[in-house]
Amino acid sequence: MSRKFYITTPIYYVNARPHIGHAYTTITCDTIARRQRMLGADTFFLTGTDEHGQKIERAAEAAGKTPQQYADEISAQFRNLWKRMGISNDDFIRTTEDRHKKRVQELFRQIRDNGYIYKGTYTGQYCVSDELYVDGAQPGDPCPTCGRITETVHEENYFFKLSAFQDKLLELYANPDFIRPETRRNEVISFVKSGLRDVSVSRSTFSWGIPAPDDPQHVIYVWFDALANYVTAIGYGSKHAAAQAAFKKYWPADVQMIGKEIVRFHCVYWPAFLLAAGLPVPKAIVAHGWLLFEESKMSKSRGNIVRTETILDVLGADALRYFLLREVVFGQDGSFSFDALVQRYNSDLANGLGNLASRTLTMINRYFQGRVPEAPQSAAGPAESLIAEIARKTIQDFGAHFDQFQFSRALESAWSLVAAVDKYIVENEPWSLGEKALGEKKDEASRARLATVLYTSAEALRIATALAHPVMPDATAKIWTQMGLGDIQKLALSDLAWGQLPPGTKLGEVQPVFPRADKSAVERMQNMEDQQRGAVAESPASAAPAATPAPAASPASADGKITIDDFAKIELRVGVVKVAERVPKSDKLLRLEIDIGTEVRQVVAGIAEAYAPEPLIGRKVVIVANLAPRKLRGLESNGMIVAASLEGGKPALASFLEDVPIGARLK
Ligand code: MSP
């Protein structure tokens, strides 16, 4: 029976459309899953969406939809994007599915029956954006994770006896493979050593969640609900024999991949819930760093996301996959830029692997009628031994780095083989050998050398292609077919060794796999993103100063009138000012942080002559929420405050006589 391998991504919140930060986690897991399948493991790869909780409920309300409608739409975006990218997940779990709901209740019941859940009252601070109880915070304090102002919660809750698990958790952490990388492990150890308090595992003041078993006044805390997906998806809590068998087979997970911001939930709460339920804990929880764009974490609230679709349209999925795994040192934060993406694409893919494939295969076509030549031993020398040696070492190093999650180093080693063969080809000049072999003299020695050089190059190409397959499934499958080797998915990676390319193999049709990207690729991608970011794309994008009337969304008709559809393009929302301060060296500008329900926006507004910063804090304002971001004095302004003014007069902020909820849309 083959070894099993179970790998999971976090399940993604449905309050925001997918961006390349989410794609990074999914791609990394997909690559690991693909390599495991090639190594013969019975692999199960799970991803999905996290759809309950107050954050989603509010986001749906702000969008004027029911939470279910809203979750359906965004979950479909994730699922469709993964399909378009050829992600090889075996299942996609949604926490609003019936199968999940029932099984989460079962887990809750089991832990309660085991004596680790009790009823109490929680009074304290809560961050809706992170769905996090913030211990020890006071009203008005910011969330330690995202910096947003916490909300005071006073409600009846079920509590989980986390405090009972301190020693058991520390025992788990003694295994250095349980939490990776080492820095995250150390953080978790010191957090747990500092003492654990019981945590709430239900909410009772809103309803968008899974009812607690036997007590429907409560919904299960969204993190309990979400973490449970890793076991519910594979059959935990089911009464069906097939599901039970799947759970028995796949649990515990071999790798649970997460972003570094959710380490505490996964390394403290999750194993404690499992221990409390009497279940085994995962073998490894692995945290990667963040993708940064314009120097900060790519996220919806900062308005600095890059959509995956843009890159797929221009360079394709394999280019993005290669770039993220090669460029980002796994575990650390990595910057994304279109420039770096195109540069890597051209140097490593178009000029590197792509060029090696096309020159080698074209020469085999030309000189050996499209059949891999036999390399006579007598014509081989130290140059060939060296390439064979590098290839053997590459197979070993690639595996060793990859298994340690050092994808960048693994790819570096595969590309050192590509570079070595490039050099070998240049030094051995197969084109000159070809001329001599085919010329008038039909030089036999040159023909033997040519066969050796091309066989050696093709064999090295085969090995680099096989190793890179999990990272770039499409392009490598094409190279494999062009080499006449059939379906690359049938390759058993554990048997990969130098010298297996059968002489006589008939090549397929040779075509470029990575056409060179020209300079305009960067600009095209940037433009596509700029257009997406400013839904009011045609407007003059005057994010500030405030007090100028909102520009029309599209050209007005001849009489200067716009249609209701034009108006509907402008997203006006109520927000509350959380932070207000003067912009240094400016008389006119204030920097504001405005909470619009789903997120906190930084807006730079030209109202400093009319308003002092402090009294603005707590005031409700109206902002144009879908204006393209713009930089003012080096600060990004993400929206515009609406104010009234006469030409040259002081602005007066728009406000309401009635109390209006934060996030409400003006229409
Ligand atoms: N729903 C929770 C997770 C529950 S798992 C039981 C959640 N969702 S999330 O959508 O906000 O983020 C999920 C994951 O997306 C992160 O852990 C991370 O893997 C990935 N990323 C989101 N933004 C990212 C970057 N800017 N950079 C890298 N990864 C990012 O948290």
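Trainee: Which residues does F160 touch, not counting residues up to four places away in sequence?

Mentor: A contact means heavy atoms within 4.5 Å. By that rule, and leaving out residues up to four places away in sequence, F160 touches I111, Y116, I117, F165, D198, V199, V201, A272, F273 and A276. Please keep in mind that this is a predicted model, in which local features need pLDDT of at least 70 and side-chain atom pairs count only at pLDDT 80 or more, while totals for chains, interfaces and linings use all residues. Residues are numbered from 1 along each chain as its sequence is written, and side-chain values use heavy atoms, with hydrogens and water left out.

Trainee: What is the largest nonpolar core, and which residues have the most contacts inside it?

Mentor: In soluble globular proteins, nonpolar side chains tend to be buried together. A nonpolar core is a set of buried Ala, Val, Leu, Ile, Met, Phe, Trp, Tyr and Cys residues joined through side-chain atoms within 4.5 Å. Buried means under 20% relative accessible area, exposed means over 50%, and partly exposed lies in between, using a 1.4 Å probe and protein chains only. Here the largest core has 189 residues, and F160, Y173, V201, F224, W251, F336 and W415 have the most contacts inside it. Helix α13, residues 338-368, gives the most to this core, with 15 residues. A second, separate core has 18 residues, including L590, Y611, I623 and I641.

Trainee: How many helices and strands does the protein chain have?

Mentor: Helices (H or I, at least four residues) and strands (E, at least two) are DSSP runs, numbered from the N terminus. The protein chain has 21 helices and 27 strands.

Trainee: How does one read the radius of gyration of the protein chain?

Mentor: The radius of gyration is taken over C-alpha atoms, and the globule rule is 2.2 Å times the number of residues to the power 0.38. With 667 residues, a compact globule would have a value near 26 Å; the protein chain has 29 Å, which agrees. Along the principal axes, the C-alpha atoms fill a box of roughly 100 × 70 × 40 Å. Of the 667 residues, 56% count as buried. Among the contacts with a separation of 6 or more, 74% join residues 24 or more positions apart.

Trainee: What is phi at E294 and at K442?

Mentor: E294 has a positive phi of about 50° although it is not a glycine. This residue is found in the loop between β15 (291-293) and β16 (296-297). E294 counts as partly exposed because its relative accessible area is 44%. K442, likewise a residue other than glycine, has a positive phi near 50°. Its place is in the loop between α16 (430-438) and α17 (444-468). K442 counts as exposed because its relative accessible area is 51%.

Trainee: Is L196 buried or exposed?

Mentor: L196 counts as buried because its relative accessibility is 9%. It is placed in the loop between α6 and β9 (199-200). Not counting residues up to four places away in sequence, L196 touches L162, S163, Q166, L169, F191 and V268.
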